[in-house]
Structure formats: C-alpha cells, structure tokens
Amino acid sequence: MIRPAIAADARQLFDIRRAAILAFAAPAMRADRAVAWADAHPPAWMHAVIRERDVHVLERANTTVGWVSAIGCRVDGLYVSPPHAGGGAGRALLAFAEEEIASRGYAEVVLEA
C-alpha cells in the first residue's frame, strides 16, 4: 500500500533514509562521505520534507519499507529500507511518483540521483 506521509512518519522515514545511504552508497562513495551525507540533516528535517513536498510511504504487511518525495515534476528522494531492497519497493515507489506527476499534467519526470 502506498499512502501519503504524515508527521508521525517523520522519524521512521529519516531512519530509512540514513540506513539506505549507509548501506548502498558504497562502493561508489567513500564511507566518510556517505556518513556525512546521511548525517547532513537532523531528524527534525524530515518534518519539513513532509510539509513542503509530496511524500508517499510504501507499506507492506504493516511495515514501512520505503518512501518517495517529489516537488513539481522532480523526484528528489527515494529510499528503501535495506532489508527490503531488491524486492521491487523502489520500482513501485518510482512508478507511483511518475503516475502522480503525470496526473498533475507534467510531460516529463526528472529524477535526481
């Protein structure tokens, strides 16, 4: 199930982001840079993301497995909890974001990576 994020999701979404960065940034990024990226924002930052962006959460069996955020036609965040990686969660979140963006009349989707 994909649903809009709410303020009560903030800490869990923050933790998923941090865990995903630390698990998946290597070997493309040095470990110290991955930690700096993961720790670039305090946990309260996620509340602003939920307020200011279009954030959706993917749940499977009552467990939050990932989230995606978008502003206009730009997908600016997509994170999957490491234990759930490789099971199609990221693909489902990106497809959802693409459909949402298209439904708003945008002709293209820009993915920041």
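Three elements, β2 (54-60), β3 (63-71) and α4 (89-103), each supply at least two residues of the lining of the largest cavity. The model is predicted. It holds 1 cavity of 30 Å³ or more. The largest pocket has about 550 Å³ of space. Helices α1 and α2 pack with their axes 9 Å apart.

**Cavity**

- The space in the largest cavity is about 50 Å³.
- Which element gives the most to its lining? That is α4, with 4 residues.
- The lining consists of Asp 54, His 56, Val 68, Ser 69, Ala 70, Phe 96, Ala 97, Glu 100 and Ile 101.
- Sorted by class, these lining residues are 5 nonpolar, 2 polar and 2 charged.

**Pocket**

- The largest pocket is lined by 24 residues.
- Nearest the centre of this pocket lie Trp 37, Gly 77, Leu 78, Tyr 79 and Glu 112.
- Two or more lining residues come from each of α1, α3 (45-52), β3, β4 (74-80) and α4.
- The top contributor to the pocket lining is β4, which gives 6 residues.
- The class count for the pocket lining is 15 nonpolar, 4 polar and 5 charged residues.

**Helix packing: α1 against α2**

- Helix α1 covers residues 10-24, and helix α2 covers residues 31-38.
- The two helices pack at an angle of about 170°.
- Is the crossing of α1 and α2 left-handed or right-handed? The crossing is right-handed.
- On the α1 side, the contact involves Arg 17, Arg 18, Ile 21 and Leu 22.
- On the α2 side, those residues meet Ala 34, Val 35, Trp 37 and Ala 38.
- By class, this contact has 6 nonpolar, no polar and 2 charged residues.

Notes:
Residues are numbered from 1 along each chain as its sequence is written. This is a predicted model: local features need pLDDT of at least 70, side-chain atom pairs count only at pLDDT 80 or more; totals for chains, interfaces and linings use all residues. Side-chain values use heavy atoms; hydrogens and water are left out. On a 1 Å grid over the protein atoms alone, a cavity is a set of points where a 1.4 Å probe fits but cannot get out, and a pocket is an open set with protein on both sides within 12 Å along at least five of seven lines; lining residues have an atom within 4 Å of a point. Grid points are joined across faces, edges and corners, and a volume is the space filled by probe spheres set on the points. Ala, Val, Leu, Ile, Met, Phe, Trp, Tyr, Cys and Pro count as nonpolar, Asp, Glu, Lys and Arg as charged, and the others, Gly among them, as polar. Axes are lines fitted to C-alpha atoms, for helices over the stretch in contact, and angles run from 0 to 180 degrees between N-to-C directions. A crossing is left-handed if the near helix is turned anticlockwise from the far one by less than a right angle, and right-handed if clockwise. Contact means heavy atoms within 4.5 Å.
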